[in-house]
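The report below describes a protein assembly chain by chain and then turns to the places where its parts meet. Please keep the sequence and the model in view while reading.

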Amino acid sequence: MLEPGIEEKTFVLNLGPQHPSTHGVLRILLEMDGEYIAKADPVIGYGHRGHEHMAENRNYLQFLPNMGRVDYLHALAYNQCWCMAVEKLLGITVPERAEFIRVITNELNRITSHLLWFGAYLMDLGAFTPFLYCFDDREHILDLLDRVTGSRLTYCYYRFGGVPSDIDREFIDGCFAFIDRFRSRWKDYDNLVTKNVIFINRTKGVGIITPEMALKYGITGPNLRGSGIPYDIRKSEPYSAYPLFNFEIPIGENGDIFDRYVVRLAEMEQSLRIVEQALVKLPNGPIMAEKVPKRIKPPAGEVYQAVETARGEFGIYIVSQGEVKPYRVKLRVPSFATLSFFPEMAKDNLVADAVANLGSIDVVIPEIDR
Amino acid sequence: MLTDTIQKALAPLNLAKVAPGDYAKTGYHLEVAAAPAQLPALAQAMLNTGCFLESLTAVDVSPEAFTLVYHFANFKELCRTVVHASLPKGTEPPTLSQIYPGADWYEREVYDLFGIRFAGHPNLTRILLPEDADFHPLLKEFGAGDAGTGD
Amino acid sequence: MEQLTQFSATELARMIAGLIGVIALVSVNALFLIWMERKVAAHMQLRPGPMEVGPHGAIQTIADAVKLLGKELITPEEVDRPIYLLAPIVVFLPVLLCFLVVPFSQSLIIRDMNVGIVLILAFSTLTVLAILMGGWASNNKYAVFGAFRSVAQNIAYEIPLLLTVMSIILMVGSFRLTDIVAAQSRYWYIFVQPLAFILYIICATAETNRTPFDLPEAESELVAGFHTEYSGMRFALFFLAEYTNMFIVSAVGAVLFLGGWRGPILPGIFWFLIKVYALIFLIMWFRWTFPRVRFDQLITFAWKILIPLAFANLLITALVLKL
């Protein structure tokens, strides 16, 4: 009743595109040897919308809303990257207050992304309750961001030269209230998940990413930092207002799932620190640069701009030929490189570990498919 | 300085151009131009200096040629190297997937979107588009459809 | 077996009345348990749970049951039809039979057999057969995976379960459930056999396929496990069996460790139900707190930790009794 696979003793198990734990429309063909995986082959592209092609046929401003749709979980970082790349092409300097607002909203967005990962990942491991705890916390941030950006998920908030609307007192108070509330929740998360023996058994020593492999595959973000390499664009290639704040880059030791988990949790705390400092230091002044041309027509040339998103390094490569539309736009997305490592990671592991691994690398499928 | 190390490592390869870039304007510390045939040796040299392949893509620059664009960066020190390789249409550049396994998918993507075949690639199939697609959307001749108004 | 030969007309009437009572109890119990599970889950997750249908959503489950009854019964084309159709019935019958010997109070028991506990253990094992039938006949890889896991898991956890039950039996000297309750007139066995109680609860959770041991239906890996291909009322029967099973293991737990129907003031039946639902709450608590264990860890846990512990417990019990 099971049709034979490539070899007689194996068979093919089709994980997805509709499967409870593929987080988006991802399909993985697993060649199984019993409960063990002989070969994993991810099939992507179900959500391919052709963003890069769209970019060539829209002007610079028209392409801005697309960025919120590439990675819907950390949309503001993508917004920021596009704005910064175009600003670089045009030679615009963003006023300080606008940079601060960008950092604050961006970091809040990063926390929502990590929280969603946290909840969804625990659900992959069969624990349902943390998911709702996380969504409870996440909801507070979404309300805050809703207030200033006008949307809750696919943000399109930053503009070339700054931000279109200022933050108000209520937003600032809301942020401080959230920071207090969220810090008081760490204990709950620790007791419920981090110290849980079943969780530790399932994640320690499983799904190891070695620094060598990360180098060869170009894995970035928390997946890389879990392996002990402190590579974070916010520090290594400082942009926006990040150099003005004190924060650390949490790293792991073994590069296993547990380390990645710890890194992401610690990163949320660092994001809180950044938001806190930015709110305290928030300077007065304009939120929009003065000399932003109405008609954006950057000079010919090319530019590469990278930012640190919740999943790693996101880079935009623009080739301009002095037209109103970009000549070529390449989106370097972090999940693409990470997922291409998955077959190696899953090989000779249990199918249960494959699910645990797939969840732990935190891929966002629309981002990979573009 | 890593820039110097990389320049030194690339020196024996006889590349067309190895020059410091204007970081504030382009985001590059080092700009390199190479012939497609030199790419594997170049990639090996970059790997030896501890750089990772940040991105790999192509640009359809003219009806006669593509430009392959490789970005390399480093985990330890800020140094972004861009490699441009002009590729006449119809020719096959060598694959880097044996040196950087991560290049496997990038090359498949470039094949998918531009139709560039990488010689020696283990599994050069469509990755984002359906397997039965008969076009390569990022070629300029593919056209725009009716999306976007330009201005 | 002397009771079986003394089969009289009154016994028959009692049996029929009992059966009707049991079916009523099973349905009401399942409706209540599903509602309870939703409420327990909701409150653990800081949300109110169902609130709209009836007071505090009390008749939400009835609405769901009506919906399930109205659903089309889909039989996939490639299934092994006879086995596929039989499995939901087979899963349900043994559970029903277990109720024959459950002592709800001193007098409220359908047949007070002298092999009561053996009967329950024997019948509850049959559930795994139904899961295997359902999983195999579905002609679905996920379902087969679920079924295989279920078999391995049930065999592994049956052993420590039997061993812990044996240590209680040694103390009582009878398989009759009423005798076991009667033996706890001075103190509950949970106080003299705490380890046995813990082992029993772990094994019971595994036997009923509940989180953290819900591997046969591990959603994130196997979609829905053995009942992936079942819909409508057939799915509901699997569901019903799971909840009824939970009631049975909790009832046995209450009899073995918590003194059955014994308790002050209130009539025995109330005490019995309070204890049963307290145990059920405990099992629900596990589900909404723990992640799922991995399959190899599950089996290792049973063979390397639970079985030796259960053996040691049995030996110590025997030694203490002998002295």
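## Chain B

Along its sequence, chain B runs through the pattern α-β-α-β-α-β-β-β-α, which amounts to 4 helices and 5 strands, where helices (H or I, at least four residues) and strands (E, at least two) are DSSP runs numbered from the N terminus. The radius of gyration of chain B is 16 Å, close to the 15 Å that the globule rule gives for 151 residues, so chain B is as compact as a globular protein of that length; this radius is taken over C-alpha atoms, and the rule is 2.2 Å times the number of residues to the power 0.38. Taken along the principal axes, the C-alpha atoms of chain B fill a box of roughly 50 × 40 × 30 Å.

Of the 151 residues of chain B, 42% count as buried, a label that requires 20 or more other C-beta atoms within 10 Å of a residue's own, whereas exposed residues have 12 or fewer, partly exposed residues fall in between, and the C-beta atoms are placed from the backbone. Among contacts in chain B between residues at least 6 apart in sequence, 50% join residues at least 24 apart, a contact being two residues whose C-beta atoms, placed from the backbone, lie within 7 Å.

## Basis and confidence of the model

This is a predicted model, in which local features need pLDDT of at least 70 and side-chain atom pairs count only at pLDDT 80 or more, while totals for chains, interfaces and linings use all residues. Residues are numbered from 1 along each chain as its sequence is written, and chains are lettered from A and ligands numbered from 1 in the order in which they are written.

The predictor's confidence in each residue is given as pLDDT, from 0 to 100, and for chain A its mean is 85, with 96% of the residues at 70 or more. Within chain A, confidence is lowest in strand 1 (residues 11-15), at a mean of 79, and highest in helix 11 (residues 257-281), at 90. Where pLDDT is low, the predicted coordinates should not be read in detail.

Chain C has 13 helices and 0 strands. Its radius of gyration is 20 Å, close to the 20 Å that the globule rule gives for 323 residues, so chain C is as compact as a globular protein of that length. The C-alpha trace of chain C spans about 60 × 45 × 45 Å along its principal axes, and 45% of the 323 residues count as buried. Of the contacts in chain C with a separation of 6 or more, 79% are between residues 24 or more positions apart.

Chain C is divided into domain 1 (1-70) and domain 2 (80-322), with bounds that come from an automatic or database domain assignment. In chain C, 17 residues of domain 1 are in contact with 16 residues of domain 2, and helix 2 of chain C gives the most to the domain 1 side, with 13 residues. Leu31(C) lies in helix 2 (residues 9-44) of chain C and, with 19 C-beta neighbours inside 10 Å, counts as partly exposed. Leaving out residues up to four places away in sequence, Leu31(C) touches Thr61(C) and Ile62(C).

## Contacts between chains

Among the 2 pairs of chains that touch, the most contacts are between chains A and B. Here 31 residues of chain B are in contact with 36 residues of chain A, and strand 3 of chain B gives the most to the chain B side, with 6 residues. That side divides into 18 nonpolar, 9 polar and 4 charged residues, where Ala, Val, Leu, Ile, Met, Phe, Trp, Tyr, Cys and Pro count as nonpolar, Asp, Glu, Lys and Arg as charged, and the others, Gly among them, as polar.

Between chains C and A, 24 residues of chain C are in contact with 27 residues of chain A, and the chain C side divides into 10 nonpolar, 6 polar and 8 charged residues. Chain B and chain C do not touch, and their nearest C-alpha atoms are 25 Å apart.
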